[in-house]
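Good morning, and thank you for coming. Please look at the structure on the screen while I go through its helices, its loops and the contact between its chains.

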Amino acid sequence: MSTHLDADDLALVAIGDASAGQREHVGSCAQCRSDVESLETVSELMAHGGPVPVRAPDHVWQAIQAELDEESTSTAPTLDSRRRHRQARQQAGWFSTAKLLGAAAVGAGVMWIAVSLFGQDDASPSGPVVATADLEAVDSSVQPASAEIVERDGRRVLRVDTNSLPEVEDGYLQVWLLEDDAAGMVTVGALSRDGEEFELPEGLSTTTFTTVDVSVEHYDGDPAHSGESLWRGSITST
Amino acid sequence: MTDRSSGVDVAGQADARLSAAFAEGEAAALSHAYQRWGGLVHGLATKAVGRSDADDVTQQVFVSAWQSRERYRPDEAPLGAWLVGITRHRIADHFARRHRRHEVPADPDVLRANLAERPATNGLTAERVDQLLVLWEELERIGDPQRRIMVLAFFEDMTHVQIAEELSLPLGTVKSYISRTLRRMRSRLEGEHEHAS
């Protein structure tokens, strides 16, 4: 009988990454098989566990703010009322400010770098393509599109290529770069028939911000991503 | 260090700063936390209780997290793990309330048996849902790069070779992280804490 597998190998067998020899051993060894089966249970549970969406709905955030606003203004006249009142005022003040600024704009990973430089590069040659992204149609109203990053005069320019742009009532299209889990996002500018090129800020890493996203935004004064994406795709270096 | 692995470090440091800021009650920390973990909490709640109740659960989680922020200890758990822990409790409350509404027996043993049998959404029983939340809590506790590796391996179906390239880590390291994380999760589910890793 062959020797037992080590702990690492047992786990790899459980997720299907095993050599024929390892599988054979597990097939004939009750001890290892029992170990693998318990790890398979975990692995199957994991498979049920995801993927989870990267963004939480904005309306829930608004509900959270509203509930906390209400709490903080209704708890003043109790023990130590002066202190509590001051806290309440501070909190209420903050939540109002946060609303004014827009939830996402004050969010940790969110930087507001609107640098659409369309118009300045008209005469430039397009430059070598350093990365591409296939943009899947997230919304059924549009066709798949593509994007590429070209290097031009030492700068990186994101070009978004769509066959046609949808008509947006009371709104416009915004181009974003997202982190993998959308913990952070950067807007690079507004997409229109006349503006499909966006210079990327020098410090903006496409290994951190790996995904191109185009969303419909409304003229509501809220700089956060609306959650209404039309296209999305991962950037692949060429 | 390569760009990518230092990117992971930077994200980890940002999470640690956010955890500390939340505990301190810094004004913008709740908004940051919602940006960072709201999607996870809402997604897990949707899996557990369905879309229609997920908004409520998510709201309860963040409101109660903020209100009890003085009890949060950043040195004991990353904020993400703490939030998933609260999510787990709110979801358990939700199931319990639903049962009370249906006037199920008050006997805890019967209730527990019913909970275990009663399918939530996605055909998951309440017990499985709870296990799932335990796993996610543990993932958030472990942090990156292990968390990221597990997400890529299990949810994005990347091969180990692809993950190694994506994160600029040696293949052996990726495999070893996956193995250890799986075993750690098993220990956690069995109610033990594996200290060796």
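This is a predicted model: local features need pLDDT of at least 70, side-chain atom pairs count only at pLDDT 80 or more; totals for chains, interfaces and linings use all residues.

Helix H2 of chain B is mostly covered, with 21 of its 21 residues buried. H2(B) spans residues 29–49 and is not straight throughout: at Trp37(B) the helix bends by about 55°. Just after H2(B) comes Gly50(B), whose phi is positive, at about 90°.

Let me stay with chain B and turn to its helix packing. Two packed helices are described by the angle between their axes and the distance between the axes.

I begin with H8(B), residues 160–167, and H9(B), residues 171–189. Their axes come within 9 Å and cross at roughly 110°. An angle from 65 to 115 degrees counts as roughly perpendicular, and H8(B) and H9(B) are therefore roughly perpendicular to each other. The crossing of this pair, H8(B) and H9(B), is right-handed. Which residues of H8(B) and H9(B) meet? From H8(B) they are His160(B), Val161(B), Ile163(B) and Ala164(B), and from H9(B) they are Leu171(B), Val174(B) and Lys175(B). Sorted by class, this contact of H8(B) with H9(B) holds 5 nonpolar residues, 1 polar residue and 1 charged residue.

The loop between H8 and H9 of chain B holds Ser168(B). Phi of Ser168(B) is near 55°, which is a positive value in a residue other than glycine. With 16 other C-beta atoms within 10 Å, Ser168(B) counts as partly exposed.

H9(B) also packs against H6(B). The angle for H6(B) and H9(B) is about 130°, and their axes are 10 Å apart. That makes H6(B) oblique to H9(B). H6(B) passes H9(B) in a right-handed crossing. On the H6(B) side the contact is made by Gln131(B), Val134(B), Leu135(B), Glu138(B) and Ile142(B), and on the H9(B) side by Thr181(B), Arg184(B), Met185(B), Arg188(B) and Leu189(B). The residues of this contact between H6(B) and H9(B) divide into 5 nonpolar, 2 polar and 3 charged.

In the loop between H6(B), residues 126–142, and H7(B), residues 146–154, we find Pro145(B). The peptide bond that joins Asp144(B) and Pro145(B) is cis, with omega at about 5°.

I now move to chain A. Chain A has 5 helices and 9 strands. Chain A has 238 residues, of which 34% count as buried. Among the contacts in chain A with a separation of 6 or more, 57% are between residues 24 or more positions apart.

Is Asp153(A) buried or exposed? Asp153(A) counts as exposed, because it has 10 C-beta neighbours inside 10 Å, and 12 or fewer is the limit for that class.

Finally, the contact between the two chains. How many residues does each chain give to the contact? Chain A gives 44 residues and chain B gives 45 residues. On the side of chain A that touches chain B, the elements giving two or more residues are H1(A), H3(A), H4(A), H5(A) and strand E1(A). The largest share, 9 residues, comes from H3(A). By class, this side of chain A has 30 nonpolar, 10 polar and 4 charged residues.

H3(A) brings us back to H9(B). The axes of H3(A) and H9(B) come within 9 Å and cross at roughly 90°. That makes H3(A) roughly perpendicular to H9(B). Ser38(A), Leu39(A), Val42(A) and Ser43(A) make the contact from H3(A), and Leu182(B), Met185(B), Arg186(B) and Leu189(B) make it from H9(B). The residues of the contact of H3(A) with H9(B) divide into 5 nonpolar, 2 polar and 1 charged.

To draw one point together, Met185(B) and Leu189(B) of H9(B) take part in the contact with H6(B), and Met185(B) and Leu189(B) also take part in the contact with H3(A). Thank you for your attention.

Terms used
Residues are numbered from 1 along each chain as its sequence is written. Chains are lettered from A and ligands numbered from 1 in the order in which they are written. Axes are lines fitted to C-alpha atoms, for helices over the stretch in contact, and angles run from 0 to 180 degrees between N-to-C directions. Helices (H or I, at least four residues) and strands (E, at least two) are DSSP runs, numbered from the N terminus. Angles under 35 degrees count as roughly parallel, over 145 as roughly antiparallel, 65 to 115 as roughly perpendicular and the rest as oblique. A crossing is left-handed if the near helix is turned anticlockwise from the far one by less than a right angle, and right-handed if clockwise. Two residues are in contact if their C-beta atoms, placed from the backbone, lie within 7 Å. Ala, Val, Leu, Ile, Met, Phe, Trp, Tyr, Cys and Pro count as nonpolar, Asp, Glu, Lys and Arg as charged, and the others, Gly among them, as polar. The bend at a residue is the angle between axes fitted to the seven residues ending there and the seven starting there. A residue is buried if 20 or more other C-beta atoms lie within 10 Å of its own, exposed if 12 or fewer, and partly exposed in between; C-beta atoms are placed from the backbone.
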